[in-house]
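Please look through the sequence and the model below. The paragraphs after it go from the whole chain to single contacts.

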Amino acid sequence: MFNPLILNNPISRWLIAISLFILTFIAGKVVYWVLSRWVKRLTQKTETKLDDIIIDMLEEPFAFAVVLVGARYSLGWLTLPDSIAAWPDDAFQFLLAITIAWFAVRLYDALQQNYLVPLTQGAQSDFYTQFVPVLDTGIRLGGWVAGVAVGFHRANYNIEAIAVTLVIGSVVVFLVARRALIEAVQSTKSFITELVAVQSEKTIHKQVYNAILFLCFISLLVTLFLSYRFYQDQTQREDFALEEAEQDAQAVVDYIDDELAELQSLVDHMANDLTSGALPYDQLANRLRAEANAHPHIYGVGAAFKPYTYKPDVELYSPYFTRNEEGGFERRQVEDSYDYTNPTDPNAAWYTGTMAEGNRWLDPFFAPVPQAWLAPYHAVFYQDGQPAGLIAGIHSLDSLADLIRQLDLGEEGYSFILAQDGTFIAHPEPSFLGTNVYEQAAKFDDTSLIRDAERALAGETFRREGQDLITGQDAWLFYQSVPSAGWVIGVVMDKQIHLSAPNTVKRSLTRIILSLIAFLLFLSALLFHADRGKVFRLWGVSITTAILFTVAITLICYLEVTYPPRENDQVILVNKSSLNDELDQVDQRFEREGLPPPIRIPTGIMIETVTFGSTTENMVTGYIWQKYPLDLPDTIDREIILPDVPDPEGLAVEEMYRFEQGDVEVIGWTFRANLKQQPKVSKYPFDEAKIQIQLWPKSLNKNIVLVPDLNEYQFTNPTQTPGLVEGLVLEDWAVERSFFGYRQDKYNATFGSSQVIKKFNIPDLYYNIVIRRNILSPIVAYAITLSVVIALMFAVMVIHAESSFNVLSYAAALFFVVAVTHVGLRSELNTHNVVYLEHGFIIMYLVLLSVSINSMLFYSNINIPLIQYKNNLIPKLLYWPALQGIMLAITLGVFYPPADPAEAIDALQHGHDSDVAPIAVAPPPDYGTTAER
């Protein structure tokens, strides 16, 4: 049968879709007729009037909704091209929102005409004659605006969908609601005519009042809209961050469970081989040694036979292989130390208990010799159906902790393990190890830790929001039991880090603050009835405006402190996962050049003191250590370079120790370095500073990459300040974070040789200390001085002086105070830029000049109405609002964050809203290898 395609659909489907649309239109007409005729007659017979109102308002929107649903169903029969496949859904969502808004506005109209208007009839106050009509129009307008906004959001801001919606919606609305449209146009025309007529009769102060009322209403709508957008964005971001955190937490649980399962499988397999005879008894020792060497994460393996089971002439036989400090395995015979079958000997409980109970995980215990917590698993093997002995495998929890470091838990994430009795057997904080949840709950006065442990030990898997006991920050806490061992694994993820988008958050909150301040400002003008022009009312508005501007300045400064900018110039290295990702990229770059991978030299640092000589110099002392492989060629220098020390006399490095440990040689130095770095003080006193210590290998002509020795730090979380001695004191500064980072510095030179390290783009290793200035000292030293001078100049304006000369005398005296303080600030900062607090001094100079000029004009014979009006009232009223308004504008200019493309890309990937367009970065060209070129 011939059935040609039109836009990928046969004619038959087009006929079905069109027929369904026609039937839908007829159904809409029928629904409208039934509601307007039959249902309305039924409701008229009831005593209440509310049902009549609802039906009257519902009939047209409901009929339109029927047509809308039918049209969507009709289009569902068609297979649309991919380019327009999403349009019908978007259009349906938009028109559905408009329909709801239409019904809401009509319902309000009916309620207003039938209930509110009768209540206000006869009222003669300004409130009813001025406020109610404007409020009435505002509510109607707000309903439609809200409907359009929600519709656009539901339609995903798709421009094509909006265009289709406007066309289809216009046709459908005209067909279904012609009478309503005509009435709406006539009502709008009548409203505008009446509004113009009323305005022509109003006095100027009433016009001002209405204008302020309108601005107040608009600013309120803007505030609500921005708040909703911010809440929606944060909710989306939190949902996605929580999903990521749950995945990371589950990865930790799976990782540990796999390790335990591997040990359990190994032990069970050897026990089964012994039971089946596949593994002869005399080959057991060799098998134990081989399995131990094949599993580097296992601390030890062993076996224990029942008396005279190994051999008829051998009573006890229990070989054990445990790992030594060099990483190898040492063998010892347990029977040489004690009788492990003695039921009265507590040291033999591991054997007697397992033989009585069967395969099991034993309670972890702390072993003094390796100084580590050990977790044993025992499996019984049989001979002729009777227990003949056991195979033991021991896992070191230190190795489990090292494995966890391989995972990316975020900058502040970590995990811990609880034994069955609630004892911490693994935790990055050493003070937790060996203690139980009851002790730590009492120490931190936090009983939630006990409740969490009890729930998790009972086998429950859950998460909750709480406070991290280590960092004190808001965190997500995940708990999951390990059934095989009876342990509990807890994962703590910093909530703020996962939600990190400081620039986006600051931009959104700043807009909300400004719109809210505008609303409160207009509201205060309404409450004080500024339109009446009374002096005391104008003073109320002036003082309120100045206070609101001051509050806005304070809040914006608070946002700057609360949401510091994140690091974009470096890759922060806090765990093995992020480190290995970067090192893999380095290896790939070398591989593309046809070169062997660079040599990795673990490097660590511990800062002892930091002393500030000036804003551009700081003296740092501490320790640096490196681990060199023993097979490293002698041609590679075993030294370190600090390139950020320009003066040779400013650097002193002295070797402190050198020894071999395993397969590496550890060398440690003490150092003193006078670092010269350019600080960023433009936001003073709300500024952050970063002390960066750049580390280079001395052999620049060798392929060496310095790797942070993360294993030597208990905590690598930046807020726990790894690499800083506890109790480090910085004058007028507070340490915020410290971390290692890689930065790809670009050098446009070969350093005299094409073989130099920089030729191959090896990243530079940096150790960073982020510090924040304590604002109390600058506030006391400078801000209070400025505030006192500003208040004194206002007093000079308010107090009636005999002549302008007196005012000039006061201004000159205060000028010297401000100038001396300003010079002291410039000398302290030693910068060529204008810092934030310095704008206060510049404004103060303008104030001194403006007040002086105002006094000369006021006491002169020149009649200037703006100045002479009511004894210089206007300049007095404008003094504080203008002053704080200028400072607010400067605060916005300094602290309003610029667009951050990185956050926009993150929002795009995670489905968040963003006001920044991501920058499309083209991938670098592939020039091939050196040989290919």
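Contacts (heavy atoms within 4.5 Å) between residues 24 or more positions apart account for 67% of the contacts in the protein with a separation of 6 or more. The model is predicted, so local features need pLDDT of at least 70 and side-chain atom pairs count only at pLDDT 80 or more, while totals for chains, interfaces and linings use all residues. Residues are numbered from 1 along each chain as its sequence is written, and side-chain values use heavy atoms, with hydrogens and water left out.

The protein has 22 helices and 24 strands; these are DSSP runs numbered from the N terminus, helices being H or I with at least four residues and strands E with at least two. Of its 933 residues, 44% count as buried, where buried means under 20% relative accessible area, exposed over 50%, and partly exposed in between (1.4 Å probe, protein chains only). The accessible surface comes to about 47800 Å², and carbon and sulfur atoms hold 60% of that area. Accessible areas come from the Shrake-Rupley method with a 1.4 Å probe, and for residues only the protein chains shown count as cover.

Two strands count as paired if DSSP finds at least two bridges between them. Strand 15 and strand 23 (residues 733-743) run antiparallel and are joined by three bridges. Ile572 stands opposite Gly741 in strand 23.

Salt bridges come next. The count is 17, a salt bridge being a side-chain nitrogen of Lys or Arg within 4 Å of a carboxyl oxygen of Asp or Glu. Arg772 forms one with Glu688, the closest N and O atoms being 3.0 Å apart. Arg772 lies in strand 24 (residues 764-773) and Glu688 in strand 21 (residues 688-697), so this pair ties together parts that are 84 residues apart in sequence. Arg772 counts as buried at 7% relative accessibility, whereas Glu688 is partly exposed at 22%.

Which residue forms a salt bridge with Asp273? The partner is Arg287, with the closest N and O atoms 3.1 Å apart. Asp273 lies in helix 7 (residues 204-276) and Arg287 in helix 8 (residues 284-294), so the pair ties together parts that are 14 residues apart in sequence. Both Asp273 and Arg287 are buried. Arg287 also forms a salt bridge with Glu291, where the closest N and O atoms are 3.0 Å apart. Arg287 and Glu291 are four residues apart in helix 8, and therefore separated by about one helical turn. Glu291 is buried as well. Elsewhere, salt bridges link Arg638, Glu655, Arg658 and Glu665 in a network.

A search of the whole structure finds three cavities of 30 Å³ or more. On a 1 Å grid over the protein atoms alone, a cavity is a set of points where a 1.4 Å probe fits but cannot get out, and lining residues have an atom within 4 Å of a point. Grid points are joined across faces, edges and corners, and a volume is the space filled by probe spheres set on the points. The largest cavity holds about 120 Å³ of space. Its lining has 15 residues, of which Phe416, Leu449, Leu469, Leu477 and Tyr479 lie nearest the centre. Strand 10 (414-418), strand 12 (462-467) and strand 13 (474-482) are the elements that give two or more residues to this lining.

Methods. 1 Å grid on protein atoms, 1.4 Å probe; cavity = no way out; pocket = protein on both sides within 12 Å on 5 of 7 lines; lining within 4 Å.
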